[in-house]
Amino acid sequence: MSLDEVYREVIMDHYQNPRHHGHLEQPTLSVGLHNPTCGDELRLDLQVSDDGVVQDAVFEGQGCSISMAAASMFTEAVRGKSLGEANRIAESFKDLLMRRESDRSILGELEALEGVAKFPARVKCATLVMNAFEKAIRKMSEGGGSGNVQA
Amino acid sequence: MNIAARRADFPLLAIQMNGKRLSYLDSAATSQKPRAVLDAVRRYYEHDNANVHRGVYELAARATQDYEDARQKLADLVGSAPEEIVFTRGTTESINLVARSYGEVVLEPGTNVVTSAAEHHSNLLPWQQAAWHRGAEVRYVELGEDGRITPDALRSVVDDQTRIVALAHVSNVMGTVTDVAAAAEIAHAHGAVLAVDGAQSVPHRPVDVRALGIDFLSFSGHKMCGPTGIGALYGRADLLQRMEPVYYGGEMIEEVTLQGSTWKEAPWRFEGGTPNIAGAVGIGAAADYLRSIGLTAIHDHEVELANYLADRIRPIAGVVVYGPQGHRDSGVVTFNLDGVHAHDVATALDTEGVCVRAGHHCCQPLMRRLQAASTARASLYLYNNREDVDQFVDALAKAKEFFHRVAG
């Protein structure tokens, strides 16, 4: 088990230079997640068009390099995708980290986080943003708007 | 103290982690267990196991004897009478018991409980709940620059309406030590009681409740070389006698009728249901083990090693050490590596066989005060040696070099 397998340069780059960092003035969906066991915090804002396309995805928060890099990569990956496609990205990413069969072709740079699977205690860091996304989708199907819930 | 001999008492220390020698630096979270404790638990199950306080046959008498002997061992450890020791699941349950059974009786509108922002959540939430249920106030003593709670700061918040002063003896984050004797004097001068969270002190230094004037003392077995799921509350005899049970059921009664019931004397009235007998045997064996080494020797060893550790990491550029910047009085050293999140530090150390804690250490208010979302913590115990510390320092230097390299 070596550090290079986990902390690839692209991960550290996203951590230090997060893409799509900030918040939206009027997001279609906004979900805050807090991981109480480690203190990581994340807010994901989504702008979704009427026909279900993610037009904008931004995040802000604080946490370790894994959670912040994953959030940066995920927002990058889902922009311009339909909610269904974005959901598949989240699912495939979780499959990758759980060492199940995964559709790598849709993951983009998220694939670089594969090494996290070797550190089970850190998988929850990598999937924090996906959990926020899935929460947002659930809220939307329940007819809700923005909100703040505990992970 | 012969560290090599002590290390040989702990089977787990011989394992390898990630192909490396294990350097276990997380004893403030939980300690490893010596063979003496493991053997005592096994011996109990193999030779004496029966339910306590009810069977008339000899085996039940032996189990009861083991259980009550363990109470005596804890009493000997903290300098109390055995009747002043209540077995609980651990520090959290002990503090909740005091907060519910004593706090909610003496607190009322206009009164207050004094605690601090440096407390572990388990010494904060029970007092908040008790005070809020009763319409009383929670006051927080101001922390000094280095995280210490000074007698002067305490004097400025305790008044005649204070009913309870609740403080940790040793902070699980800062490693700072509170002058408990001074706190007791201040509390008593205003007619309040002093409830001490001893989770980080009882395993590591001599704690004598009479000499220090402590009214309630909570501690856990698993942090003092004992099993998980067992701990104790020391309560001054006259206070325990005034307290009502929290758990009702078997074992704790004197007489039960359909119209009303009476309870056993303390401490047994607080131990409803079949207790954790094997756990009690284990924590008793742990108390004997610690006393056989000597709590002063354990304390001196940890302090010497903690200062060695802090002195070795402070010169590393980018390392921040929290708490006292000079001499350290306990085996807890919390730190951060500039630009690297504490979880990433902990993962990097893990690959080198070094176990440290990273996170908020169940102290969110204190972390906000330190302006750190997360910190890493190395904590030492009687079985740690310089090799453990050197392995940690080398791994930390390597982690720093690695993250600075991949981060360009």
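**Entry 1. A charge over a ring.** I began with B:Arg386, whose charged end sits over the ring of B:Tyr308, 3.8 Å from the ring centre. I counted a charge as over a ring if NZ of Lys or CZ of Arg is within 6 Å of the ring centre and within 35 degrees of the ring normal.

I note that this is a predicted model, in which local features need pLDDT of at least 70 and side-chain atom pairs count only at pLDDT 80 or more, while totals for chains, interfaces and linings use all residues. Residues are numbered from 1 along each chain as its sequence is written, chains are lettered from A and ligands numbered from 1 in the order in which they are written, and side-chain values use heavy atoms, with hydrogens and water left out.

**Entry 2. Aromatic pairs.** I searched the whole structure and found 12 aromatic pairs over all chains. Rings of Phe, Tyr and Trp (its six-membered ring) pair if their centres lie within 6.5 Å; planes under 30 degrees apart are stacked, over 60 edge-to-face, and the rest tilted. B:Phe10 and B:Tyr289 have ring centres 5.8 Å apart and planes at 80°, so this pair is edge-to-face. The two residues lie 279 residues apart, B:Phe10 in the loop between helix H1 (3-8) and strand S1 (16-17) of chain B, and B:Tyr289 in helix H10 (residues 277-293) of chain B. Helices (H or I, at least four residues) and strands (E, at least two) are DSSP runs, numbered from the N terminus. Ring pairs link B:Phe10, B:Tyr289, B:Tyr381 and B:Tyr383 into a cluster.

**Entry 3. Helix packing.** I then examined H10(B) and H11(B), which pack at about 75° with their axes 5 Å apart. Axes are lines fitted to C-alpha atoms, for helices over the stretch in contact, and angles run from 0 to 180 degrees between N-to-C directions. H10(B) and H11(B) are therefore roughly perpendicular; the cut-offs are 65 to 115 degrees for this class, under 35 for roughly parallel, over 145 for roughly antiparallel, and oblique for the rest.

**Entry 4. The sheet.** I traced an open antiparallel sheet of four strands in chain B, in the order S13-S14-S17-S16. Strands pair if DSSP finds at least two bridges between them. S13 (319-321) and S16 (357-359) of chain B each have a single partner strand, so one side of each is left without a neighbour in the sheet. S16(B) pairs with S17 (residues 375-379) of chain B over three bridges.
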